[in-house]
Each structure stands twice: as structure tokens, then as C-alpha cells.
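Please keep the sequence and the model in view while reading.

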Amino acid sequence: MSLQSLAKQTLIYGASTIILRMASWMLTPYYSYAITQQANGQVAFFMSIVAFLNIIYMFGMETSYFRFIKSENQNQVFQKTESIVFFNSILWSLLLVLFAKPLIAWLGYSDKEIYVYLLTLTLFFENLCNIPFAQLRQENKALKFVSFKALYIILNISLNLILLSYFYKNKIVLPVLNIHDPIELIFWANLIPWFLVFLYFSPQIFSSLSWSALKDGKEMLNYSWPLLLVGAAGMVNEVIDRPLLRNLLPGTQIENEIQLGIYNINYKLAIIMTLAIQAFRMGAEPYFFKLAHEKSSTKMYAIVMDFFVIVCSMILVITSLNRDIIAMINNSTYKEGIQILPILLLANLFLGMYYNTSIWYKATNNTMKGAYISLVGAVITIALNWILIPKMGYMGSAWTTLICYFAMLVISLIWGRKYYPIPYHYAYNFLWIGLSTVYSLGAYFLFQENMWALIGLSFVYLFIACYYAYKRFGDIRGFL
């Protein structure tokens, strides 16, 4: 499979993912106007817990599906992975529902068990749909994949707008939906679309469930349980800062939730980098596994990394230079947190590079070593947040994210050279990132008050980056 094939897959999934996620992301500035800073902080807190639980529900089965589909019957792989996800989801859902009352009280939201029930149902329906979505990606049914993702996002946005703009503000009053809690309304808006998507896939899902398939999936479980640790530790790195900010900041719970709301709204401004990485991963994961046993695979991985760095550096510089313009999309009361944006952009660039390098432990069945790397990252994240949050507030969380992802990248590069050597162009990649960072910092410092100068310098950098990307393509064209 060629580099052009990866580019095509990334473009198909990438363009659709970016468009759809950007549409969904527009709820963030809407929330900044529609609900209070404290409510935004509360939503961020609960969604950080949901993100962690998603990893536990899924149990690494999506990656296992792509790993085993190349060597086993497709229907059998689907049955095994879906059965594992189903029975695992049933177990965790029952536990969450049974212990909803003490759990929600422990979190500091007594008498809000409805939050647990709604989030549990959302987790259940969403995760059961993940393997059917993975099958669509594996079969290159991009149109169908995108259509269902679009259905979910359109429904989710519509329900958020209707419930918060009309029902929450009492412009529409119904006896059956007399809810004045914006958090609960947002959770309903998340649940209903996933339930509808689940209804469509339910015949395929239920026909594949088998206790024998579950018992036959021992090899998959052995492969995936380290991926559970990878995912759980990775999610610690990604979202643990929210609950830590809520509990480690020196203010009251209300004051801390307000600071968390400011942090979370500005954190999501890094979505452009996040989307680029997600789009790349969706195209790259199946591609990397298919390429793994070809003679040219390691050289191709190195080339992919070069272009990944160039594209993400473009996003880093252009977004950093124009951060003040981007911040205008939110309520002005959140602008004080815009300073975290360049730090998070660079952090996510390093995270994307780490995802590139992680092929060495996935392709060589060394997933436990990947778990160790993520666990090291989790320790760094918790320790530095614990130290820095009381001293620096949410800036401490931003710097912690950068340090963590850079450390994970370095460990993966060093360890990967032993088990699956890939000739990455280290000097080229890190020099490009370094120069891009210096360019964005210097230009913003000199022209912070001149919006048009920053826009002009963005185009200058874009021209330079495209020129060197073209030259880089020329250097490796013969290999392609």
C-alpha cells in the first residue's frame, strides 16, 4: 500500500472528521454564552470521567479488530470483538447503576443520580457501535461511516440548541420535560443520538453475540488488555487535569469549577491540531498494520512522520499567531485563558508524533511495553499537576501536558529502536518543530497588537512550509 493510499484514506476520513467535529465543536462557544462558567466546569468534570470509562468499556477491542482482521476470518473477528465489548459493557453498566447513589455523592453532587444513569446508557450504546464503525473503516465504506457520524453530530447539536435555548430558558414548557438543570439536558442531548445509531446497528450487533465467541477470544484479550492500560493511562494524561483542577485549586468548589470552565473552553480551541491528529490516526492505523510486513515499511513510516510534522507545524504556527482572533469566538469572559493555547498545540503535536511511533509495539505484539510508556506518562501527569496546579493554576496543567507528551515520545523513540528500528529523520523533524515554535513566539511577541501583521506572517510561514514540503516530496519521490 502506497503513501498516496494513506493520503487518500486520511483525506476521506480526515475531511469528513474535521467538518463534522468542527460542527460539533461549535457547541463550545455556544456553551460559553448559554450556560454559566461553573456549569461549563461541571460538564468538563463529568465528561473527563466519561472519557476514562470509554477506555474501560472498549477494552482495546477496536485496535484488536484491525490487528486480527488480517489473519482471521472477518466475521469471526467481528463476533469475538463485539461479544467482548458487549459483555464487558453490561458488567460495567450494572456496577455503575447499582452504585449510582454513593458514587454521585462521593463526587460531590448528591441527589443527581440521573447523571450516572444517563452517562451509563450513553457509554453502553456508544461502545457497542464502535466495532461496526471499525468494520466500515476496514471495508473502506467511508460514505456510510461519515453518514452515521454526521447523523449523530447533527442530532446532538440540534438537541443541545433546542433543549438549552428553549426548554432550559422556559420558552417551551412540557409536563414530561420540566428540567431546569443544563447539565442533565446536555447529557440527554448526548444520549438520544447514540441510542438511535445503536438501533440501526442492533440487528448486526445482536446477531453476532456469542458466549462461545467470547471464550474463543482469549488471544484477543491477551493482546488487548495491555492496550486497556495504554488507553487508560493515556486518558489519564488527557483528562485527569479536569478533576485535579477542581480539587487542587485553592478556591471553593464553585470558584474552582469556574476556573475549570475557563480552562476547558480554551483547551478546546486546540481542536484544529486535535482533529488533524485524529483524522491521521483514522487513516493511518489500518494502513500501518497492512504495511507492517512489507520490506519498505520502516522507510515509509519515516516519510509519513516527515509530512506529519510539517502539516502539524503549520497548524501550530498559524493557530498560535492568530489566537486572539480565534478567542473572539467565545464569550469574552473566557479570554483570560487563551495563553494556554500555544502550549497545548505543541503538546498535541508531540502526542501525534508519539502515535506515529507507537506502531513498533503494536506490530510486534509488544503492547505491554506501550502500556509501560503510557503509565510513565500518567505518573508524570499526576505528579506535575499535583505540584504545579496550586502554584500556577491551569497554566500548570498546560505545561504538564506538554512535558508528559514529549517524554512519552522520547521514550517510544528510544525503546522502539531496539524492537522495530525505524529510520526517522530526527534532526529534520525536531529542527522544523523548533524553528516553527521560535517563529510563532517571536512573531507574536513583536506584533501582538497588530492583527494584520500576524495574519500576513501566517501566510509567509504557510508559503515557506509548503515550499519545503514540496522539496521534501521531491527528495523521496523516487522511493514512492
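Which backbone oxygen lies 2.7 Å from a polar atom of the side chain of serine 202? The oxygen belongs to leucine 199. A polar contact here is a pair of N or O atoms within 3.5 Å; within protein, one must be able to donate a hydrogen and the other to accept it, and residues adjacent in sequence count only if both atoms are side-chain atoms. Serine 202 is found in helix α9, residues 182-208; helices (H or I, at least four residues) and strands (E, at least two) are DSSP runs, numbered from the N terminus.

The model is predicted, so local features need pLDDT of at least 70 and side-chain atom pairs count only at pLDDT 80 or more, whereas totals for chains, interfaces and linings use all residues. Residues are numbered from 1 along each chain as its sequence is written, and side-chain values use heavy atoms, with hydrogens and water left out.

Serine 297 lies in helix α15, which covers residues 297-321. Between serine 297 and isoleucine 422 there are 125 residues of sequence separation, and their C-alpha atoms are 8.7 Å apart in space.

Next comes the second largest pocket, with about 550 Å³ of space. A pocket is an open set of points on a 1 Å grid over the protein atoms alone, where a 1.4 Å probe fits, with protein on both sides within 12 Å along at least five of seven lines; lining residues have an atom within 4 Å of a point. Grid points are joined across faces, edges and corners, and the volume is the space filled by probe spheres set on the points. The lining has 24 residues, and Phe45, Ile49, Leu103, Trp106 and Leu107 lie nearest the centre. Helices α3 (37-58), α6 (100-106), α7 (113-138), α11 (218-239) and α12 (241-248) each supply at least two lining residues; α3 gives the most, with 7.

Two loops remain. Phenylalanine 59 sits in the loop between α3 and α4 (61-68), and its phi is near 55 degrees, a positive value in a residue other than glycine. Aspartate 111, in the loop between α6 and α7, is not a glycine either and has a positive phi of about 70 degrees. Aspartate 111 is exposed, with a relative accessible area of 62%.

Definitions and conventions:
Buried < 20%, exposed > 50% of the residue type's maximum accessible area, 1.4 Å probe, protein only.
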